[in-house]
Amino acid sequence: MSQRTKIKALLQSQQTEIDVTVKGWVRAFRSNRFIALNDGSTNNNIQIVVDFENTDPALLKRITVGAALSVEGKLIASLGKGQTVEVVATEIEILGDSDPEKYPIQPKKHSLEFLREHAHLRFRTSTFGAIFRVRNSLAFAVHQFFQERGFVYLHTPIITASDAEGAGETFHVTNFDLDNIPKTDTGEIDFKEDFFGRPTNLTVSGQLEGELGAMALSDIYTFGPTFRAENSNTTRHLAEFWMIEPEVAFNDLVDNMDLAEDMLKYVIKYALDKNADDIEFLTQRLTEEEKTKPQNERSEMTLLEKLQFCLNNDFERLTYTEAIDILKESTPNKKKKFVYPIEGWGTDLQSEHERYLVEKHFKKPVILTDYPKEIKAFYMRQNDDGTTVRAMDILFPGIGEIVGGSQREERLDKLEQRMNEMGIPTEELWWYLDTRRFGSCPHAGFGLGFERLVLFVTGMGNIRDVIPFPRFPKNAEF
Ligand code: 4AD
Ligand code: MG
């Protein structure tokens with residue numbers, strides 16, 4: 001028996017008339033003769049030709065959609081259309097049967113909602129195979145980008161006692177017996193009795209610890225899971241998502257924008273090169289989906305064109321204040337088409353506004369800077385105008401905000417003053433403030449929402465479809 005060869009390699013094989021062993025799952029079986037077999041190494045199936053006259057009928061019956069097979073046979077140049085090679089089987093072994101009556105993934109189009117309910121099996125569809133291979137490449141490319149530039153990958157903690165964004169959206173971590181929580185004499189929860197001796201939560205961001213690393217290692221990045229208990233049941237939010245957070249000593253906001261733009265282009269290009277087949281498949285998928293929409297809602301570009309366009313154009317950079325002026329004067333605002341009308345300076349932008357700027361006004365990715373301090377986190381560097389901070393958000397077509405970042409406030413007095421104004425406890429963050437006490441320096445960083453990146457590159461419409469097992473309100477199945 002020859003060693004197993006992956007289907008991707010077989011389909012690219014220059015040699016034919018060789019003995020091969022191939023293993024995978026049946027995608028389809030037609031005319032008792034042709035098996036479409038897939039092993040996840042590529043979206044394309046290999047065709048197995050069965051000599052049904054000389055095969056035990058009992059075995060033939062067990063070749064059903066979803067079954068796992070091991071096939072030995074000869075790789076030959078294909079006579080049929082649609083493939084260059086196929087395998088003429090000499091020996092078929094059923095590794096695992098699949099009851100065709102009960103197997104949920106049939107060789108037909110299933111809705112994404114249906115597949116979300118069968119997330120344990122959706123990897124076996126062409127769409128999800130493509131998505132998760134692209135996701136894998138993007139993750140690898142992120143590491144490669146930073147490693148090539150001498151960044152240190154820093155593992156920041158998942159359990160923390162702080163809320164870096166100060167938004168109060170944390171999940172508590174405890175090992176209390178919830179039916180019998182220790183109380184103090186005054187009736188409050190006695191956290192001294194808890195595992196860590198204090199209230200703790202899952203991290204919402206690795207940034208604060210990342211900054212500590214950057215203040216010695218200069219260039220660091222984190223890439224890990226983050227958790228937010230925001231009750232947003234949207235196509236852009238998850239309760240558990242992965243974030244990439246570089247932090248760079250001596251960088252200012254312009255350096256920060258350059259780094260983010262370079263990184264985004266690098267990883268998108270990597271996926272385009274590495275996953276050409278998958279992206280072509282996803283492009284066709286999206287084009288089909290677009291056809292079901294009314295003409296005026298259809299995208300002008302295909303997925304592939306959108307990705308290439310993103311690589312070939314500089315991102316538009318402007319301030320929040322300039323953006324507000326554009327939005328105020330925009331047709332949808334004047335015609336009262338926005339759900340949240342733009343009335344004046346100071347309010348946060350909604351995704352309808354972000355998408356107007358990106359998709360209608362500039363028609364390319366946009367970086368907005370210098371937001372009002374009231375709508376941004378305490379750690380952002382304050383501008384001399386007293387009202388704005390050195391923030392940046394990168395907005396992408398179809399997505400809205402994909403990156404949030406800033407130059408950091410490196411001046412101890414300004415930082416403490418802002419924390420006091422915002423009610424952030426300075427005593428608890430003594431370790432963070434120490435970096436400003438001992439050798440503080442200008443520095444900047446950002447957070448890229450990994451699933452929003454995968455959403456953009458795959459052209460999918462719902463963030464729940466680009467992470468293997470999504471966590472969102474009222475759902476933690478699998
Ligand atoms: O803008 P955010 O909240 O920024 C931070 O957390 C900073 N500490 C980052 C930094 O400067 N180091 O989040 C960063 C990005 C957002 O732009 C978005 O892409 C993504 O994280 N994000 C989410 N993705 C999925 N689900 C959610 N609930 C998300 N919340 C934020
Ligand atoms: Mg943000």
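Predicted model: local features only at pLDDT ≥ 70, side-chain atom pairs only at ≥ 80, totals over all residues.
I began at ligand 1 and found one of its nitrogen atoms 2.6 Å from an N or O atom in the side chain of E165, a polar contact being a pair of N or O atoms within 3.5 Å. For Q207, I noted a side-chain N or O atom 2.7 Å from a nitrogen atom of ligand 1, and for E230 a polar side-chain atom 2.7 Å from a ligand nitrogen. The protein covers 93% of the 620 Å² of accessible area that ligand 1 has on its own (Shrake-Rupley method, 1.4 Å probe).

Residues are numbered from 1 along each chain as its sequence is written, chains are lettered from A and ligands numbered from 1 in the order written, and side-chain values use heavy atoms, without hydrogens and water.

I then turned to salt bridges (a side-chain nitrogen of Lys or Arg within 4 Å of a carboxyl oxygen of Asp or Glu), of which the whole structure holds 29. One of them joins R133 and D278, N to O, at 3.0 Å, and this pair links helix 4 (residues 126-148) to helix 7 (residues 276-291) across 145 residues (helices being DSSP runs of H or I, at least four residues, numbered from the N terminus). I looked up the burial of both partners: R133 counts as buried at 15% relative accessibility, and D278 as buried at 5%, where buried means under 20% relative accessible area (1.4 Å probe, protein chains only).

Note on methods
Polar contact = N/O pair within 3.5 Å; in protein donor to acceptor, adjacent residues only side chain to side chain. Helix = DSSP H or I, 4+ residues; strand = E, 2+ residues; numbered from the N terminus. Buried < 20%, exposed > 50% of the residue type's maximum accessible area, 1.4 Å probe, protein only.
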